[in-house]
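Hello,

Here is the structure I promised to hand over. My notes follow below it.

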Amino acid sequence: MAAALSLAERGIGRTGLNPSVGCIIVKNGIVVGRGWTQPGGRPHAEAMALAQAGTAASGSTIYVTLEPCAHVSERGPACARLLLAAGPEKVVVALIDPDPRTAGEGMTALNAAGIQVVTGVMASEARQSLAGYISRMASGRPFVTLKIASSLDGKIAMVDGSSRWITSDIARAHSHVERARSDAILVGAGTVHADAPQLNVRLPGLGAMLPRKVMLGSGEAPQGWEVVRAPGDIAHLGCNTVLVEGGAVTASAFLREGLVDRLMLYRAPILIGAGKACLADIGLARLADAHGRWQLSDSRSLGKDRLEVYERAY
């Protein structure tokens, strides 16, 4: 299952509304097929792995990070039907699909055909991998990551607005990996008009990864940009993940509305003093209200900088 989860990582940010799933087919201790959801959402991971395995899939054990879909689609066959036709001995699934069109029906169909089914293997890791898809199924909106790059004293720019560069090349490269894993990147209208950000992925081999560019606010956006008037309007974007990159007013608006699921804080070992703060008012009435909202999930050094990742505490 760990190998299947690793394969699923390849599709994150590229599968549209579909979840990025990984699949491994094993027979007699040998991997005979593997697959992951392809760009645009098709073929699904199971279809890709089964095509590679061919007749070797019969009597095999299939590991898949999300329950095989059971609903009819104009874009391709249901994966549960493909598995039934392949005739594996056992299917191991990390998570049941929260999509109400499947939601356990894939497992039921396999069980009814006499195929052994095991669920819940590495479920926690699968939830992290499928966080965007799960968020959209559960709450009707994409999973939101807020990225902030600041000095030790929480500043994102000098008084005159200059901010290139607060963090180092290594930290910026890491943030570009996060861009490559996102369906869309959102910044405020002020940032768009003042900085004309490219919001592309400037890493060797990943230049073709082009997340959608979204502007929050009123007014006309540059060509190729989409516009949302309010943070809650991201529900209409039709995607699984959104990376919010700034500025301070935009970051604060998402926090105030309770729409941030994950914080990525890049801190440079510098002090700026008088400068532009990373946040404005986020709607807290009491200090006590600030506690218990976030839990640390990752912390690491990136060259001279430090990254801290916090998940929202529900």
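First, a term: two residues are in contact when heavy atoms lie within 4.5 Å. The model is predicted, so to speak for the rest of these notes: local features need pLDDT of at least 70, side-chain atom pairs count only at pLDDT 80 or more, and totals for chains, interfaces and linings use all residues. Residues are numbered from 1 along each chain as its sequence is written, and side-chain values use heavy atoms, with hydrogens and water left out.

**Ala57**

Leaving aside neighbours within four places in sequence, Ala57 is in contact with Ile25, Leu50, Ala86, Gly87 and Pro88. Ala57 sits in the loop between helix H2 (45-53) and strand E3 (61-66). Helices (H or I, at least four residues) and strands (E, at least two) are DSSP runs, numbered from the N terminus. Gly87 is 30 residues from Ala57 in sequence, yet their C-alpha atoms are 6.9 Å apart. Is Ala57 buried or exposed? Buried, at a relative accessible area of 1%. The cut-offs are under 20% for buried, over 50% for exposed and partly exposed in between (1.4 Å probe, protein chains only).

**Salt bridges**

A salt bridge here is a side-chain nitrogen of Lys or Arg within 4 Å of a carboxyl oxygen of Asp or Glu. The count is 11.

One of them joins Arg181 and Glu9, with the closest N and O atoms 2.5 Å apart. This pair links distant parts of the chain, 172 residues apart. Arg181 is in the loop between helix H7 (169-180) and strand E8 (184-188). Glu9 is in the loop between helix H1 (2-8) and strand E1 (22-27). Both are partly exposed: Arg181 at 27%, Glu9 at 32%.

Lys147, Arg179 and Glu245 form a network of salt bridges. Glu245 meets Lys147 at 3.9 Å, N to O. Glu245 lies in strand E11 (residues 241-246) and Lys147 in strand E6 (residues 143-151), so this pair ties together parts 98 residues apart in sequence. Glu245 also meets Arg179, at 2.8 Å. Arg179 is in helix H7, 66 residues from Glu245.

**The whole protein**

There are 9 helices and 15 strands. Of the 314 residues, 47% count as buried. Residues 24 or more positions apart make up 71% of the contacts with a separation of 6 or more. The C-alpha trace spans about 70 × 40 × 40 Å along its principal axes.

Best wishes
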